[in-house]
Amino acid sequence: MTADTKQREYSRAEVAKHDGTGALWVIRGNQVFDLTTFHTDHPGGSDILMQFGGQDITEAMRDSDVHVHAIQAYRVLKDFYIGEVMAEDRQTYALPPSGKDEMDCVEEEEFLDINKPLFMQMWNSKFTKEFYLREVHRPRHLPRPAVFFANPVLETLTRTHWWVIPIYWVPIICTLLHMGAQYESAEAMFVGVVFGVVSWTLLEYSMHRFLFHYDENIPEGTLAQVAHFLLHGVHHFLPMDQLRLVMPPALSTFLGLNILAVLSLVFSAGMIHAVSAGLLVGYVLYDECHYWLHHGTSNNKRLSALKTYHLRHHYKDFKAGFGITSDFWDKVFGTQFATSD
């Protein structure tokens, strides 16, 4: 925020005029925030924010009937500050039970500048492991995709649109099924595919919990932090970045080839094609589902609950809720969230 921005003052009547998708402002604790570029990325959905367009949301953010917001929400909100309520329109607000206003609880640490290329900042950093893990799991928001590399070629390799995944993998799945059919019957192929799809749900859970969230087990040092950041840390730091919600084909192909090597030790020539195709079907559905959980909306209660479940992993407790397409394995292994909202 610049000094000029801090001095801007608005009347409540002026804020009230900005209550639509083209301009969505809110007041929180006598401060004014412009959420125009954020409402479509709001974890609870755009509709909830639209209900409060142009209004004072101070108490609504504390209201359990609406949704009690974690401190991380106030951290994100700070990025959209545009000014103060005029003196004659200012109100006095009751403090929460903690006795301290939520905005005052937000810790401002010198981590990464989200408006500059991220990779070299990480590469040149000297963070302790404790500091890095704390900060990388504190979500931030940009109204545009973040920049990883100053080099445009390298930058392109880090960005993946959701529609690239089926375009890249569906032909490979079809090829595997065609090749497998040369060795196995249709019934055997069907069994192999189903086995692969079901197996993917466990693989999805395991990779997310033990690989992507290696977290406290990473060694001290910048290289380990850079690797963690590139693999999954950036997704927690900027969870709504639309071009980094699905896995780049280069990375998923590398992981897939390693999984294929393991499968070749277990399955016959024909069945390995069926199981591999099933795993890839599960993977494609997972990646597309993951993108939807961050940016999609639905009136379906099951889908809405799944979205809430996953976003809780991002915004409240990254040490639980590792299932993406289902919470089944979280229930099996006891990694569900400790309490409900």
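Phe322 is buried, with a relative accessible area of 6%. Keep that residue in mind as you work through this predicted model.

**Exercise 1.** Find how the rings of Tyr205 and Phe322 are arranged as a pair.

*Solution.* Start with the distance: the two ring centres are 6.2 Å apart. Next, take the angle between the planes, which is 85°. Planes over 60 degrees apart count as edge-to-face, so the pair of Tyr205 and Phe322 is edge-to-face. Now place the partners in the chain: Tyr205 belongs to helix 9, while Phe322 sits in the loop between helix 13 and helix 14, 117 residues apart. Finally, check the cover of Tyr205, which is buried with a relative accessible area of 1%.

**Exercise 2.** Work out which parts of the chain the pair of Tyr309 and Phe337 ties together.

*Solution.* First, the geometry: this aromatic pair is edge-to-face, with 5.0 Å from centre to centre and 70° between the planes. Then locate the residues: Tyr309 is in helix 13 and Phe337 in the segment after helix 14, so the pair joins parts 28 residues apart in sequence. Both Tyr309 and Phe337 are buried.

How values were computed. Residues numbered from 1 in each chain as written. Predicted model: local features only at pLDDT ≥ 70, side-chain atom pairs only at ≥ 80, totals over all residues. Heavy atoms only, no water. Phe/Tyr/Trp six-rings, centres within 6.5 Å; stacked < 30°, edge-to-face > 60°. Helix = DSSP H or I, 4+ residues; strand = E, 2+ residues; numbered from the N terminus. Buried < 20%, exposed > 50% of the residue type's maximum accessible area, 1.4 Å probe, protein only.
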